[in-house]
Structures are given as C-alpha cells and as structure tokens.
Number of protein chains: 2
Amino acid sequence: MSNLKITEVALRDGSHAISHQFTVEQVTSITSALNEARVPYIEVTHGDGLGGSSLQYGLSRTDELKLIEAAVGVADFSKISVLLLPGIGTIEDLKVAENLGAKMVRVATHVTEADVSKQHIETAKELGMETVGFLMMSHMAPVEKLVEQAKLMESYGADVVYVTDSAGALLPHEVKERIKALKQELSVEIGFHAHNNLSLAMGNTLAAIEEGATRIDGSVRCLGAGAGNTQTEVLVAVLEKMGIDTGIDLYKMMDLAENIVAPILPQPQEITKNSLTLGFAGVYSSFQVHANRAAKKFNIDSRDILVELGKREVVGGQEDMIIDVAAELAKAKSLV
Amino acid sequence: MSNLKITEVALRDGSHAISHQFTVEQVTSITSALNEARVPYIEVTHGDGLGGSSLQYGLSRTDELKLIEAAVGVADFSKISVLLLPGIGTIEDLKVAENLGAKMVRVATHVTEADVSKQHIETAKELGMETVGFLMMSHMAPVEKLVEQAKLMESYGADVVYVTDSAGALLPHEVKERIKALKQELSVEIGFHAHNNLSLAMGNTLAAIEEGATRIDGSVRCLGAGAGNTQTEVLVAVLEKMGIDTGIDLYKMMDLAENIVAPILPQPQEITKNSLTLGFAGVYSSFQVHANRAAKKFNIDSRDILVELGKREVVGGQEDMIIDVAAELAKAKSLV
C-alpha cells in the first residue's frame, strides 16, 4: 500500500449540498459502507464545522453530535474526523467531539489567518487527536505567504497541513507550485482539498500527488459544496490505474456511490453558471446571493461584481463591500 | 487572440446522451446561441456520424441532414462540421453534407485503422473542406503506433489530426506523451477530444494544450457520450484565467449552457457507476449491455468482464468475445 491517505468529506462538505439536512440513518448507512470499503478517514460535521448550525450558516436538521456519535458507532476501521473553524466552533466543542470518539480534527482558517488556530491545534494535540491545519481559500495567498502560514500551523503542532482550494479556483500549475513549496519548507505531511468548480478537482489532485501531497480529500458522488470535490470513487479508480494503492475497495466505493449516496442527492452535481462563476472569480459562495441582489439594484451583471470582488481579494465578513463594488461598476458602465 | 480553436460537439457527441432525439428547433436555438458567442466550429451529426441513424446505432428522431441544414442556416460566424466514420457514413453522404453547407469534416477511425480514411480524406480535400483525421480510442495504441497512424492521415491530406480519448481512459501524463510525440513528428495541427469518465476531461485538455495541441473539443454542459466531454463554457473560463483568448464570449457561453442546453438534458451529466467503469476499463460503451447480460448468466461482476476486455484490447465488432471472457472468468472464480 502507498502512503497516500484519503479523507472522505461527503458527510461534512456535502452538508452544504443538502442544506445540512443529514439524518442519523443517512450518516449511519453511508459511514457503515465507507468503513466496509476501508476508507481511512471520514469527516462528519456541519458544513462550516463544529458549532456551524446557526441561522447565519444554516441550521442542521440533526444535532451534529448525534451524527458524529452515529458515525463512530459503526466505524470500526475508519477514523472519524471533525472540522473546526475557530470563531465558529470552540475548544469546548472539540472536547465534546473527541469524547464522542472523533480521532482527527482539521482546524481551518483563512489562508492568511493561521495564527487563530494556535490554541485549537495545541488542545487537539493534548487530547491525543491527529491534528490537521486546513488553510482555506489557498488561491488568495501568494506562495510565500502560504508557506509562512503553513509553518505557523506546523509550529503549533499540526501533523498535516492542507492546501484547501475552497473556491475551486486553482489551476494545476498553481497547485503544483504550492505543494512543491510546502514539501520543501515543511517536514509534516501535506494535503490537498479540491473543489470542482472549474472541472479541475481531479486534475489538480493528480498535480498535488505528483508534487508529494499524501493526504487527499474526496467526496463520494461529488457530494460537496459548489460543484463538489474530487469524486472519491473516481479518484480511487484513477489511482488504481496509476498503480497507487489506497487500500480502498474500488467496487465497494462505486457501489455505495451509486446505491446509497446518489439517491440522497437532491439533484446530481454538475457545474452550473453559479458554481462556475465562483471558481472563475475565486470568491466565497456566500457572496453570490449578495451579488445577485446588488446586480439587480444597479442593473449590472452579478458576474462582474463577483470577478471584481475576487480581484480585490475580498474575504468573508466584508460583505458590505459588495454594494460599493456594484455601485462603482454601475458608475463606470454609465460613463462608457 | 491565441491560435487555439474550439469545436463544440454537443450537437454530435451529445446526440448519444439524448438518444439521438434532437429536433430542428433545438439545433437551431443552440447553434444560433453558439454562433452568437462566436464559437469557431460546431459539429452537427448523428452521434456515430453521417449515416449513423440505424437500428444498430440508434435511430435519429430527425433526419440529420435537416439538422445540418438548420445549423448552417443560422451560423453566419461559426463553421458547421460533420463527423464521418468510414463504413457507417459514405463519401456520398459527405458530398450531400458539404452541399448543405458543412465546411469541415472529421474523418474518424479506430486508432489502428487510419488506412480506411484515405478516400474520405482525399474527397473532403477535393470538396474544399477543412479536413480532420480523428483517431478514436487513442488510449489503445502505444505512442509509436499512434504516430504512425496519424502520419498516414497527414499523408492523405488531413489539415489536423486529433487524439480522441473515446472512452475517457487516458491519464494526463499519457495525453502529454501522445501530443508531444505528434507535435514532434507531424507538421499539421494537433487536436484533442476528451471524455470525462475519469473526471479528467479538463485536466487532460490542459495537458494537451501545454504540449501544443491547438484544436480542442468541448461540449457545453458536458452534453456528450459517457460522462460527457470537456465542458465548453468551463474550458473558456479556465483558458481566460490562463490568459488564453479563444475569441469566445464567456458570459454568453455560460448563459446558453444554463438557459438553452441544461433544460434539454434528460438529467444532469455526472460520473455514474457505468461511465466510471467504461473509463476505468477503457472499453466501448456498447460493451456494457452485453457485459451486464453475460455477468448475470455467469453470476460474476460485469466490471470484471469489462476490465478483462480492456486488458485484451477487444474492439467494436468483437462483441462475441464478451461471452467467452465471462465464461473464463466464471471458471477461474469457481476454481478459487
């Protein structure tokens, strides 16, 4: 077996795709099948991590602690992982999840804000958990900045640091230069988390593996935010063709994708105008609804707003800027 | 503008995805929108090329000549292309299509059978058409064989030769070595046609462009056989991010994908158990129904049959071998 380890994120990133409506029965049957297929890690949390269930981020149908407990209960091979975004989830939430049996945590911050992960990573290590630093929106930082932030996470004790392409905005050569730099500068394992908004989740994942990434995220049947992630059962097939053994049973993965996961998708994942726009502009999905509203108000194309927000590197929390940008674009248009 | 030219194949490869049910109205509205978006080439033919409408390959709802005529009628910028598989379509069919206004033909053969394209390529050149040699199932030939066959097509007068990954079975490094060898050994333009069965249509397309391919196929909203092709509107966005101008209007492509093409898909394109199996095994989609039947008869997994057929490089016309392979596998299984 190779040293490549896959983390299945359909029960966390996929939470976005089904508006956080997972039931205990769904999580139990999917986890059980993934465990049977010998997937090493399965992440189970609200799409925005521990404590994400809220009016702002979307209310979960089922308390995520019940979902984590259900997953732990049927996974005698797979380790259950949780996601934690400092500021949304707390150290207390992490302790509860660990107590329920979660063995890994991924502490996620914006790519330029690794410093807020210090306490959470340290606590996770004290709890004896496998601890991953997860640098979101990695396309928004130049390589040197990414390396600097990844080193911070390493210094706090992270066992793995991930390049997380939250908006599905990276191109293969950009993935390569990022993974390559991290492999050179860090001594911990490097991971890669893709989104398929530009139809490059698989191509980027292979680029990451080529440069030495050994931890890879996938979502079965593309059940993830935006256009979904690297499709896990397809990744297992591709790696098998390349002679890279993941330890995962390909046929079982294909069967569970078709028979257990596909039926719960509200509709098949595809690359739509919206998801393509997010990848093209490289912005947060939460901006879309605001941009649509502003576009209507100023009678301009919402895509122009999103592209401009991407250029200005606007981040979550700066939603107020959307209306300013729209007003500017409308003014510029009227002057043409 | 770059020298990269895109051919839109939704109205030909996509014919498979909708069981050859295109209407004159659909072809007219899609072609008109693609023309408006300034797509250089639009292919309109039965999925299996001129003359493909038959019990064996699937009966077209509308005579393809009517569809070609309709497309020509609304395309004052885009050139209309037709596909021709010698043996299915005839030189007479080609003359009729040219007379209706088709400006390009792609003469398609199995990757090892370029010699059957001689007359068709020569006739197309005499008719003054832009002529493309289209080497299907390119993953089934080693690089040297592919080069030899491509050279034949070049010697017959082809203006372009395509590497056609009919089963969506190629990996990026395999695409690279193929395009690289053809660029070194031929002086005509090199093209690449992808399928998305392994979620690599876009990754492979970028690999082809990196090695010098200048003719690329795409299908809007992935409307093509199997898991579809490189999604055209996404490709235009990716190339724009890379600074490669295709001359195509991105927003218009996105809008027509969403508003005109998506509504006619019977269901969104995704990578299913079936399409993944074809890409993994590297076999013709027509084998699937036979393999399923044989699997039931011998109580084995149809995927094992397809993978074995791929290993043995079984090609279209050799469907009789499917039952033999199934019997052998069942016997081997009973001996374990």
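**Exercise 1.** Determine whether A:Lys273 is buried, partly exposed or exposed in this predicted model, and identify what its side chain pairs with.

*Solution.* Step 1. The relative accessible area of A:Lys273 is 25%. Buried would require under 20%, and exposed over 50%. A:Lys273 is therefore partly exposed.

Step 1. The side chain of A:Lys273 meets that of B:Asp255 in a salt bridge, with an N to O distance of 2.7 Å.

Step 2. A:Lys273 belongs to helix α11 (residues 273-281) of chain A, whereas B:Asp255 belongs to helix α10 of chain B, so the pair joins two chains. B:Asp255 is likewise partly exposed, at 23% relative accessible area.

**Exercise 2.** Describe the contact between chain B and chain A by its residues, its buried area and its salt bridges.

*Solution.* Step 1. Chain B contributes 38 residues to the contact, and chain A contributes 38 residues.

Step 1. About 3,600 Å² is buried between the two chains, and carbon and sulfur atoms give 63% of this area. B:Lys241, B:Tyr251 and B:Phe280 supply 19% of the area that chain B buries against chain A, more than any other three residues.

Step 2. Six salt bridges cross the interface. A:Arg221 and B:Glu270 form a salt bridge, their closest N and O atoms lying 3.2 Å apart. Between chain B and chain A, 18 residue pairs are in polar contact.

Step 3. On the side of chain B that touches chain A, the elements giving two or more residues include α8 (201-210) and α13 (302-311). The most comes from α9(B), with six residues. By type, the residues of this side are 19 nonpolar, eight polar and eleven charged.

**Exercise 3.** Locate the salt bridge between Glu148 and Lys145 in chain A and in chain B, and state how exposed its residues are.

*Solution.* Step 1. In chain A, the side chains of A:Glu148 and A:Lys145 meet at 3.1 Å, N to O. Both residues lie in helix α6 (residues 143-156) of chain A, three residues apart, about one turn of the helix.

Step 1. A:Glu148 is partly exposed at 39% relative accessible area, and A:Lys145 is partly exposed at 30%.

Step 2. In chain B, B:Glu148 and B:Lys145 form a salt bridge of 3.1 Å, N to O. These residues are three apart in helix α6 (residues 143-156) of chain B, which means that about one helical turn separates them. B:Glu148 has 39% relative accessibility and B:Lys145 has 29%; B:Glu148 counts as partly exposed, as does B:Lys145.

Note on methods: Residues are numbered from 1 along each chain as its sequence is written. Chains are lettered from A and ligands numbered from 1 in the order in which they are written. This is a predicted model: local features need pLDDT of at least 70, side-chain atom pairs count only at pLDDT 80 or more; totals for chains, interfaces and linings use all residues. Side-chain values use heavy atoms; hydrogens and water are left out. Contact means heavy atoms within 4.5 Å. Buried area is the accessible area (1.4 Å probe) that two parts lose on being put together, summed over both. A salt bridge is a side-chain nitrogen of Lys or Arg within 4 Å of a carboxyl oxygen of Asp or Glu. A polar contact is a pair of N or O atoms within 3.5 Å; within protein, one must be able to donate a hydrogen and the other to accept it, and residues adjacent in sequence count only if both atoms are side-chain atoms. Helices (H or I, at least four residues) and strands (E, at least two) are DSSP runs, numbered from the N terminus. Ala, Val, Leu, Ile, Met, Phe, Trp, Tyr, Cys and Pro count as nonpolar, Asp, Glu, Lys and Arg as charged, and the others, Gly among them, as polar. Buried means under 20% relative accessible area, exposed over 50%, partly exposed in between (1.4 Å probe, protein chains only).
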